[in-house]
Amino acid sequence: MNLFIEKIKNEFGGSLLHGKRKTRRPLSTKMPHHLVLKATNSLVLLKHKSEVEHCLRTFAARLGIKIYDCAVHADHIHLSLGIPSREAYVRWIRAVTSVLVQKFKNLKWKLRPYT
C-alpha cells in the first residue's frame, strides 16, 4: 500500500531546464496555461507593446488558441492561454517567437518558454 503519491510536476521550461535531458512539455487541453517568454534585451518588448500583442493575438486566432490575458513587460511576456492541441501550441509558439525576432532586430530570447 502506497500512502504517499508523488505529484506530477506541472512546471516546465525556462531556467528549470539547465542540466536536464529534453522531455515533453506537460500540456493540457482542458486547463489554461501560464506561459512566460523571457527576452535578453530590456525594453525592446515594452517599446513595441501594441505590435507584440497584435502578433500574439493574430497567430492565436489562426491556430485556435484562446488568449485569456496578456501582459507585456520590459523584458518578458506573461500569457494565460488555452490550447486545443499540442500541435497547435507548437505551431503557435514557433510562429510567434520567430516573427517577433524578425520584426525587432534587437530581440533575442534568453530561455525556452516557461509554462
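Reader: Great! What kind of model is this, and how are residues numbered?
Author: It is a predicted model, in which local features need pLDDT of at least 70 and side-chain atom pairs count only at pLDDT 80 or more, while totals for chains, interfaces and linings use all residues. Residues are numbered from 1 along each chain as its sequence is written, and side-chain values use heavy atoms, with hydrogens and water left out.

Reader: How many helices and strands does the protein have?
Author: There are three helices and three strands. Helices (H or I, at least four residues) and strands (E, at least two) are DSSP runs, numbered from the N terminus.

Reader: And what pattern do they follow along the sequence?
Author: The pattern reads β-α-α-β-β-α.

Reader: How much of the protein is buried?
Author: Buried residues account for 36% of the 115 residues. Buried means under 20% relative accessible area, exposed means over 50%, and partly exposed is in between, with a 1.4 Å probe and protein chains only.

Reader: What about contacts between residues that are apart in sequence?
Author: Among contacts between residues at least 6 apart in sequence, 69% join residues at least 24 apart. Contact here means heavy atoms within 4.5 Å.

Reader: Okay, helices now. At what angle do helix 2 and helix 3 pack?
Author: Helix 2 (residues 49–63) and helix 3 (residues 86–103) pack at an angle of about 150°, and their axes are 10 Å apart. That makes the two helices roughly antiparallel. Axes are lines fitted to C-alpha atoms, for helices over the stretch in contact, and angles run from 0 to 180 degrees between N-to-C directions. Angles under 35 degrees count as roughly parallel, over 145 as roughly antiparallel, 65 to 115 as roughly perpendicular and the rest as oblique.

Reader: Which residues meet there?
Author: From helix 2 come Val52, Cys55, Leu56, Phe59, Ala60 and Leu63, and they meet Ala88, Arg91, Trp92, Ala95, Val96, Val99 and Leu100 of helix 3. The residues of this contact divide into twelve nonpolar, no polar and one charged.

Reader: Let's pick Leu63. Is Leu63 buried or exposed?
Author: Leu63, in helix 2, is buried, because its relative accessible area is 18%. Leaving aside neighbours within four places in sequence, Leu63 is in contact with Pro84, Ala88, Arg91 and Trp92. The C-alpha atoms of Leu63 and Tyr89 are separated by 8.2 Å, and these two residues are 26 residues apart along the chain.

Reader: Nice. Where is Asp75?
Author: Asp75 is in the loop between strand 2 and strand 3. With a relative accessible area of 18%, Asp75 is buried.

Reader: Which side chains does Asp75 join by polar contacts?
Author: One is the side chain of Lys38, at 2.6 Å, and another is that of His76, at 2.9 Å. A polar contact is a pair of N or O atoms within 3.5 Å; within protein, one must be able to donate a hydrogen and the other to accept it, and residues adjacent in sequence count only if both atoms are side-chain atoms.

Reader: Over to Lys66: buried or exposed?
Author: Lys66 counts as exposed, at 53% relative accessibility. Lys66 is in strand 2 (residues 66–72) and touches Ser80, Leu81 and Gly82, not counting residues up to four places away in sequence. Lys66 and Leu81 are 15 residues apart along the chain, with their C-alpha atoms separated by 5.4 Å.

Reader: Last one! Where does Ser28 sit?
Author: Ser28 is in the segment before strand 1 (33–38) and counts as partly exposed, at 24% relative accessibility. Beyond neighbours within four places in sequence, Ser28 is in contact with His33 and Ile83.

Key: Ala, Val, Leu, Ile, Met, Phe, Trp, Tyr, Cys and Pro count as nonpolar, Asp, Glu, Lys and Arg as charged, and the others, Gly among them, as polar.
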